[in-house]
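This briefing goes with the sequence and model shown below. Please keep both at hand while reading the points that follow.

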Amino acid sequence: MESIKRQIKEKYHLTSYQMSLIVFLAKTLGSELSKMLIMGILFRNQLPLYFTALFIMMLLRCSTGGLHFYTYPACLLGSTIYLGLCVVVLPQLLLPKYFQLLLLAGSLLICCRIGPVTSKYRPDPLPAASKRFRDFTCLTIFFYALFLYIMPQSSFTAAGFWVIILHSLQLSAAKIRKKGGRAK
């Protein structure tokens, strides 16, 4: 591995910092793709629901962040529990549409007020970027609520609904954890 890194570094005239960024990117992509594959195997009987929930989760997490686990097994376990709840367990709980819309409005407010929450290893985004991320998340939730209002209830709308609800809850927990256990 070291010889490959050295060859790439020499061939493309990269600095040590640039090379470390490339290594970080490769490790991150490998880690994320392997977790998605493992969860895909676990949820193989609900694959369309899994991909729906995963897509909505990625939209929200990429814009507002959330809880971060700092080891591969902990992250895999946390993600599996999160998506398992959204795909398998919580869609069994049928809520009236008006109550779902009320909860989505609450989630929208939470995400607007709290997000984004970054990993402890990344700097907080600049205020303008934070506003863009919050706006994107709020628009995503708003359009999902509109979609939910128009569409008949299904396991797909339920999975997406629960992803949004759990996202706002874990975002709240991440904010408290980042502040050192103090809610602000």
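Is lysine 131 buried, partly exposed or exposed? Lysine 131 has a relative accessible area of 45%, so it counts as partly exposed. The model is predicted. The protein chain contains 7 helices and 0 strands, and its pattern along the sequence reads α-α-α-α-α-α-α.

**Overall build**

- The C-alpha trace of the protein chain spans about 60 × 40 × 30 Å along its principal axes.
- Of the 184 residues in the protein chain, 36% are buried.
- The protein chain exposes about 11,600 Å², and carbon and sulfur atoms supply 71% of that area.
- Among contacts in the protein chain with a separation of 6 or more, 77% are between residues 24 or more positions apart.

**Salt bridges**

- Side chains of opposite charge can pair when their charged atoms come close.
- The structure has 3 salt bridges.
- Lysine 131 pairs with aspartate 135 in a salt bridge, with the closest N and O atoms 2.9 Å apart. Both residues lie in helix 6, where they are 4 residues apart, about one turn of the helix.
- Aspartate 135 has a relative accessible area of 36% and is therefore partly exposed, and lysine 131 is also assigned as partly exposed, at 45%.
- Lysine 35 and glutamate 32 form a salt bridge through their side chains, at 2.9 Å from N to O. Helix 2 (residues 16-42) holds both of them, 3 residues apart, or about one turn of the helix.
- The relative accessible area of lysine 35 is 4%, which is under the 20% limit, so lysine 35 counts as buried. Glutamate 32 is at 35% and is partly exposed, because that value falls between the 20% and 50% limits.
- Lysine 178 and aspartate 124 meet through their side chains in a salt bridge of 2.6 Å, N to O. This pair links distant parts of the chain, as the two residues are 54 residues apart. Lysine 178 belongs to helix 7 (residues 155-178), while aspartate 124 sits in the loop between helix 5 (97-114) and helix 6 (127-150).
- Lysine 178 is partly exposed, with 40% relative accessible area.

**Packing of helix 5 and helix 7**

- The axes of helix 5 and helix 7 are 9 Å apart, and the two helices pack at an angle of about 35 degrees.
- Their crossing is left-handed.
- On the helix 5 side, the contact is made by Gln100, Leu103, Leu104, Ser107, Ile110, Cys111 and Ile114. On the helix 7 side, the residues are Phe161, Ile164, Ile165, His167, Ser168, Leu171, Ser172 and Lys175.

- Cysteine 111 is located in helix 5. Its relative accessibility is 0%, so cysteine 111 counts as buried.
- Not counting residues up to four places away in sequence, cysteine 111 touches Arg134, Thr137, Ile141, His167, Ser168 and Leu171.
- Cysteine 111 and leucine 25 are separated by 86 residues in sequence and by 27 Å in space, C-alpha to C-alpha.
- Cysteine 138 is placed in helix 6. Its relative accessible area is 12%, and cysteine 138 is buried because 12% is under 20%.
- Leaving aside neighbours within four places in sequence, cysteine 138 is in contact with Leu108 and Cys112.
- From cysteine 138 to leucine 21 there are 117 residues in sequence and 31 Å in space, C-alpha to C-alpha.

**Surface patch**

- Leu139, Phe142, Phe143, Leu146, Phe147, Tyr149, Ile150 and Met151 make a nonpolar surface patch of about 840 Å².
- Leucine 146, one of the patch residues, is found in helix 6. It is partly exposed, with a relative accessible area of 39%.

**Cis peptide bond**

- Glycine 115 and proline 116 are joined by a cis peptide bond, with omega at about -10 degrees.
- Proline 116 is part of the loop between helix 5 and helix 6.

Key
Residues are numbered from 1 along each chain as its sequence is written. This is a predicted model: local features need pLDDT of at least 70, side-chain atom pairs count only at pLDDT 80 or more; totals for chains, interfaces and linings use all residues. Side-chain values use heavy atoms; hydrogens and water are left out. A salt bridge is a side-chain nitrogen of Lys or Arg within 4 Å of a carboxyl oxygen of Asp or Glu. Buried means under 20% relative accessible area, exposed over 50%, partly exposed in between (1.4 Å probe, protein chains only). Patches are made of residues with over 30% relative accessible area and no salt bridge: like charges are joined within 9 Å, nonpolar side chains (Val, Leu, Ile, Met, Phe, Trp, Tyr) within 5 Å. Accessible areas come from the Shrake-Rupley method with a 1.4 Å probe; for residues, only the protein chains shown count as cover. Axes are lines fitted to C-alpha atoms, for helices over the stretch in contact, and angles run from 0 to 180 degrees between N-to-C directions. A crossing is left-handed if the near helix is turned anticlockwise from the far one by less than a right angle, and right-handed if clockwise. Contact means heavy atoms within 4.5 Å.
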